[in-house]
Amino acid sequence: MITEHVSETQKSFDVVVVGGGPAGATAATLLAKAGHRVSLFERQAFPRFHVGESLVPAVNLTLEKLGVRERMDELGFPQKHGVQFYGPSGPSRPFYFSEVADPRMHHTWQVLRSDFDRMLLDTARDAGAHVETDAQVVEVCLAGETATGVRVRRLDESEDRVSARVVLDASGQKGVIPRELSRQQGVPGLQNTAVYAHYTGVRLDPGIDAGSTLIYRLDAKSWIWFIPLPGVVSIGLVTSAREILRFGPNRDEILQSAIDRCPDLKERMREAEISGEVRVARDFSYRAERDGGPGWALIGDALGFIDPVYSTGLLLSVHSAEILAREVSCGLAGQDRHPDLRGRSGEWQVAFDRFLPLVRAFYTEDFRFGELSKNDAHRQGLVDLLTGIVDTDEAIGVTAQIQHMFDEEVAAES
Ligand SMILES: Cc1cc2nc3c(=O)[nH]c(=O)nc-3n(C[C@H](O)[C@H](O)[C@H](O)COP(=O)(O)OP(=O)(O)OC[C@H]3O[C@@H](n4cnc5c(N)ncnc54)[C@H](O)[C@@H]3O)c2cc1C
């Protein structure tokens, strides 16, 4: 990917986006399409590896707005038609996205993030954003609590100060906005660790199930994801940070011993071989204390992330990017040089809060998808949530029911 440095005459933009992952690329594309002068700085060279490979169908609506939906099949990403949960007593009935009303969401895709993220970043550049890779934002420049721009450092150690009316922090889990302005607050009960790798030679299910996500629940604290990708399958254990060493002394043995505990998965992987390294991620469930302020806002993982169990990370990321692109556009039309973006992520916060009870319930002893699904409205609510739809009556109803079950369990334990 060839990038050009900002020129002397171009050191002032309407918006600077920090980070070229899905959130940053989405915001940059939408803002550039709306006619704003946008510069995006990405620390790494693309393509690069990233965890988070399974989409939920509600992301399709953003892909359409970006004009890239057609590219998904062209890039060879497996179509994902549903999700199936395996417990110790066997598999659940599959949840198919075709059970939702909107045909645009009847399937989505499993993505190799190296290719997916590069495609989104190219889209931002094609939309007119100035995009630089290998360019790390080392400082957000502040006047009091107002963000006025960023300082960028490149691989050759050259540095630039770039001013902007708005700085969007899309830099992922670590975030670049100083901690004095916004801290990450961990989600209680979700201090988890993931250990994961890609494998070749894994047996898939036939037909439309070949691209489904499988979730193997080992116990109330541990589960394994199974995500079919082009040529490989992504397999990852998620477990509580405290429990991880009961699986083994090092990452390779931890992942293998978790796989060995699932007879169905072990059988699928009889001829499998690992491709690349076993990786680890930790402490990934949190929400930012403040979502924005004068001249700045957080989007994507910088704003918050809930456990990966329902693959909602990319949805929440691109959703926050869309919301903030709209809010920033409005702000830039106003008189303030640095519009105040505090409290503008309300729709994102609602979505986060709808997914949260479902995530927390997954980690309780008695949680059974099968039981909840016996009620038709609850089953529909679950399918809606698994699709990424949070605002139907059924989704709201099942969220309330799960919260109730969760509260009862917590009360019984205390
Ligand atoms: C174990 C695990 C499994 C997951 N599984 C799924 C899944 O199956 N489905 C799903 O939807 N989500 C999943 N996620 C979540 C998903 O990976 C994230 O939600 C998503 O990548 C967030 O996108 P983003 O653009 O906000 O951040 P990122 O994708 O992390 O992008 C941030 C970018 O900012 C760049 N950057 C960082 N600092 C700077 C800086 N100072 N200057 C310039 N650039 C910088 C980084 O290099 C990076 O490219 C998972 C997460 C974890 C931890």
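This report describes the fold, the ligand shell and some single residues of a predicted model.

## Basis of the model

Residue numbers start from 1 along each chain, following the sequence as written. Because the model is predicted, local features need pLDDT of at least 70 and side-chain atom pairs count only at pLDDT 80 or more, while totals for chains, interfaces and linings use all residues.

## Overall build

The chain holds 11 helices and 21 strands. Both are DSSP runs numbered from the N terminus: helices are H or I with at least four residues, and strands are E with at least two. The radius of gyration is 21 Å, close to the 22 Å that the globule rule gives for 414 residues, so the chain is as compact as a globular protein of that length. The radius is taken over C-alpha atoms, and the rule is 2.2 Å times the number of residues to the power 0.38. Along the principal axes, the C-alpha atoms fill a box of roughly 65 × 45 × 45 Å.

Of the 414 residues, 50% are buried. A residue is called buried if 20 or more other C-beta atoms lie within 10 Å of its own, exposed if 12 or fewer do, and partly exposed in between; the C-beta atoms are placed from the backbone. Among contacts with a separation of 6 or more, 73% join residues 24 or more positions apart. A contact here means that the C-beta atoms of two residues, placed from the backbone, lie within 7 Å.

## Domains

The domain assignment gives domain 1 (8-65 + 113-185 + 287-345), domain 2 (81-106 + 192-282) and domain 3 (364-413). Such bounds come from an automatic or database domain assignment. The C-alpha centres of domain 1 and domain 2 are 30 Å apart. Domain 1 gives 11 residues to their contact, and domain 2 gives 15 residues.

On the side of domain 1 that touches domain 2, six residues are nonpolar, three are polar and two are charged. In this scheme Ala, Val, Leu, Ile, Met, Phe, Trp, Tyr, Cys and Pro count as nonpolar, Asp, Glu, Lys and Arg as charged, and the others, Gly among them, as polar.

## Paired strands

Two strands pair if DSSP finds at least two bridges between them. Three strands form an open antiparallel sheet in the order β12-β18-β21. β12 (184-186) and β21 (304-305) are at the edges with a single partner strand each, so one side of each has no neighbour in the sheet. Three bridges join β12 to β18 (residues 286-288) in the antiparallel sense, and G186 has Y286 in β18 as its bridge partner.

Strand β16 (residues 232-240) has eight of its nine residues buried, so it is largely enclosed by the rest of the structure. With β15 (residues 222-229), β16 pairs in the antiparallel sense over seven bridges, and I224 stands opposite L237. The hairpin of β15 and β16 has two residues between the strands, and G231 takes a positive phi near 80° there.

## Ligand shell

The ligand has 33 residues around it, of which G19, G21, G52, G300 and G313 come nearest. A residue counts as near if its C-beta atom, placed from the backbone, lies within 6 Å. The elements that give two or more residues to this shell are α1 (22-33), β9 (135-143) and α7 (313-333). By class, the shell has 14 nonpolar, 15 polar and four charged residues.

## Single residues

F116 lies in helix α4 (residues 113-126) and counts as buried, because it has 27 C-beta neighbours inside 10 Å. F116 and M72 are 44 residues apart in sequence, with 8.3 Å between their C-alpha atoms. T133 and H106 are 27 residues apart along the chain, with 35 Å between their C-alpha atoms.

Most residues other than glycine have a negative phi, and most peptide bonds are trans. D134, in the loop between β8 and β9, has a positive phi of about 55° and is partly exposed, with 16 C-beta neighbours inside 10 Å. E157, in the loop between β10 (146-154) and β11 (159-169), has a positive phi of about 75° and is exposed, with 6 such neighbours. A cis peptide bond with omega about 0° joins F46 and P47; P47 is in the loop between β2 (38-41) and α2 (59-66).
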